[in-house]
Every structure is written in structure tokens, then in C-alpha cells.
Amino acid sequence: MEQGREVLGCIAALHVNDGRVNQHCGGTVAKVHHTARHRRQGKWRCCNDEKFYANKLHALPDELVWDLFQTEENLMKKILFATTALVATAGVAAADITVGGNARFGVGYSSGAENGLAGTGGYPSNGNDRAVNGRSKTDIISRFRLQFDATSETDGGVTIGGRVRAEADNNIYGGAVAANNAAFRSNAEVMLWSAPRLFATYGGFTLGVGNINGAVESTPGLYLETRSGGTGLDGSQYVGNVANVNNNYFNWDYYDSDGNVSSNGVEAIYNIGGFGTHLSYSVSNGAVAQDVIALNASYKFNNFTVAAAVQRSDFAWADKEVLTIKGDFGMFGARLAYANNEGIDKILLAGTYDIGAATKLVGWVADESAVSAADVALGRNDNRDGVAGSNAQEGTSFGIHLAHDLGGGVSLETGYQRGSNKNDQFQAGVAFSF
């Protein structure tokens, strides 16, 4: 890029110095871009001096650029063309830009919860019903995500980079979101751009800012070992995730892919050998500033990985402590996860089994404890069974997922899940990356 700027300076000077370039100045680019008076005084010689310009761009033979500047009429057009090309090629040489992404499409079904809320959608889903919310129990699932990653490396070995995504997907869950948003009612979403995440990496240390990944989100063992991280094609709202309880889901920092991020954060990540740690902090830019700070630590040894995370938040009912342990034993795998979500405990037991080289089976069971009556009195959601108006998320949920690798980054994904609110969900479709 510095070379591009230097040549740009040489070329632009032609226009302001002599106006019409009608003869060779003799020898080098330096003599072309300096005025006649400067050339007579010998001031162009400094441009050829190694102490001033080690890359010796000014010392290039002037015939290399002479044909660009034969008439005053075409001078500015040729300056624009030449400098654009120089700056573009200088950028390509300095940066590494990767474009990739993933997509999925298929079908989903939800039976409806048995808690008096069937057909009202919601998160997690109470199911759909045409007679209640105008949505079919069976619907199309699709998402397309395009990702841009750019990095540059300094002379000292520090990698500077950034990531941004464009994403569009369908919403099959209905509820208040669908009722208030025509895009969701039409079962489609326009392409939205994420806020960027920028970072600097040196050795095992990474500093990230902006739309951060978040420490809780990055805790090893928090998500299932499926393509979506949950059950089925799109995760089925991640009911098995131990940090999701009582209709208060994803109340931690994570990279938001569709432009809805309202917080701006910073994170520090360090990995060495089998040890890793991640500290993140964000502040919500609302009418009242609300802070979220979280920390995770993990250690991998032999076939096991253990991890712990803690979060403290100004948002209501968002404090949590998470513990996970997972083991991989060839064809088999197992994991145990637990979280205390401000008094609501949730535990997950999951296992994986490789059926041949291309097919994987994942099964899980989770249990969520009841909220206290005191917290409900303070305004917290009620998940208790047998209570009018409860979301009925207390109790046991389970799911099973089957994936088959078709090669080329393409796989068949199917899954069945029963929530503790007795809503059955089934999904099947194709996922691929590019």
C-alpha cells in the first residue's frame, strides 16, 4: 500500500507542476514529477537517494509512465485510471480476504404445547395453529448466510482482521414477533447485515471488539455436536442448552448475524496448549446503560474437555454459572452440562454415536427446575407446572438428531424434540457450506 501511495504522489504531481507534459525529463520518474526549476536545482536527486526512498520508486525509468501523460486533455483521466489500479493492487497484496458462508432449507413441524398457549408461537415455541395465529403447524425452514473475513499481518507478526455477515432466513415460530412484523408473517426475511467484529491476534492471544463472540457463548460443551448446535435443521430453539431457561433465552453476548445487536463489546481470548480462557464485556446502548461481563476457562486433556463460565449482568435474571465436561472415545462421545440461572437449575446429558463414516446420531435429555414463587412475585416469568399462565418449561425435555454427510460440505439433517411444555417439533432438510 505504501508503494501505491508513493507512485500516486509521483503521478499527481505532474498535473500541478508543469501542466502539459510534452517531453521526457530524462532518466527517471523523479525527473518527470519535479518542476523544471527543481530539476535545474538538482532537487530531484533526493528522490533517488536510498536514505529517503529505500524502495527507489522515484528511480524507475520515466518511459514506464511516459505514455500515460502525453496530452493535457487526457491527463486527469489517465491519472484516475492509473492511481485506481495502483491502489487496488496494493490492497490485494497487503490483505487476505475470504468470502464463504452456509445455507439450509427443509421442512419443520410443531404440534403445539399443552399449556393453554398452543398456537401462539413464542420462544421457545408453543407451536402454531391456523385458527389461533394464522400459521400452519408445518412450515418451510430456510436460511442463507454470506460471510466476509479480512486479515492483514504487520511486519511484527500481529494479525489484524474483521468479520461481517449478511443473512436472511425464515421464521416458523410465530407469536408476537410474527404478529408485529410483516416480513415474518410472510415467512421471509430480507437480507440483513451484521455489525462487524474486529480483532488483533498475536500468538495465542486475541483482542476482539464490536459484535463480539462472548465468553458464555464460546464455552466448550455448551452446544450439541450437531451442525446447528441444537436439534434438527435450525436448532429447534436450543431447548437443551442449559443456559436457556424460563422463556429467557440467549441472555448473553454472542455474535449477532442479522443486525439486531444492541451492545458493543470487547473481549480478550488466550489459548496455550490445552488451556483456554475468554473474558468479555459489553454495554447496551439504550436509554439506561446495562453492562454484561463474563469469563470462561477450559482445559483439554487426553479425550476430555472441562469448562466453566460465569456471567454477571445488569439485565434481569441473566446472571449464571455454567459447568461442562465432554469426552470423545472414537465412535462414541458423551457430555454433561449444568447451569445455575439465578436460582433455576438446568442439567443436560448428551451422547453421540458414529454410524459408519458418514452418519452421526446425537441424543440428549435435559431437566429444568421450577422458579421460586418469590422471584415470580418480583416479576420473573413463571415456568411451574400446574400454574395458570405458566410457560410450563419446568421439567424434562429430550431430543434426537441424525445427520448424514453427503460430501462437498453438504449434509442431511433431521431431528425430533419434545419440550417440557409437551410441544413436539420435527425438522428435516439439507445444510451446506461454501
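The residues lining the second largest pocket divide into four nonpolar, six polar and five charged; here Ala, Val, Leu, Ile, Met, Phe, Trp, Tyr, Cys and Pro count as nonpolar, Asp, Glu, Lys and Arg as charged, and the others, Gly among them, as polar. The model is predicted, so that local features need pLDDT of at least 70 and side-chain atom pairs pLDDT 80 or more, whereas totals for chains, interfaces and linings use all residues. Residues are numbered from 1 along each chain as its sequence is written, and side-chain values use heavy atoms, without hydrogens and water.

A pocket is an open set of points on a 1 Å grid over the protein atoms alone, where a 1.4 Å probe fits, with protein on both sides within 12 Å along at least five of seven lines; lining residues have an atom within 4 Å of a point. The second largest pocket has 15 lining residues, and R227, A403, D405, S411 and E413 lie nearest its centre. Its volume, the space filled by probe spheres set on the points, is about 180 Å³. Strand 14 (359-368), strand 15 (395-407) and strand 16 (410-418) each supply at least two lining residues, and strand 15 gives the most, with four. Strands are DSSP runs (E, at least two residues), numbered from the N terminus.

Strands pair if DSSP finds at least two bridges between them. Strand 1 (residues 95-110) pairs with strand 2 (residues 138-153) in the antiparallel sense over 15 bridges, and Y109 stands opposite T138 in strand 2. Strand 2 also runs antiparallel to strand 3 (residues 159-169), joined by 11 bridges, with R143 opposite D169 in strand 3. In the hairpin of strand 2 and strand 3, five residues lie between the strands, and G157 takes a positive phi near 90°.
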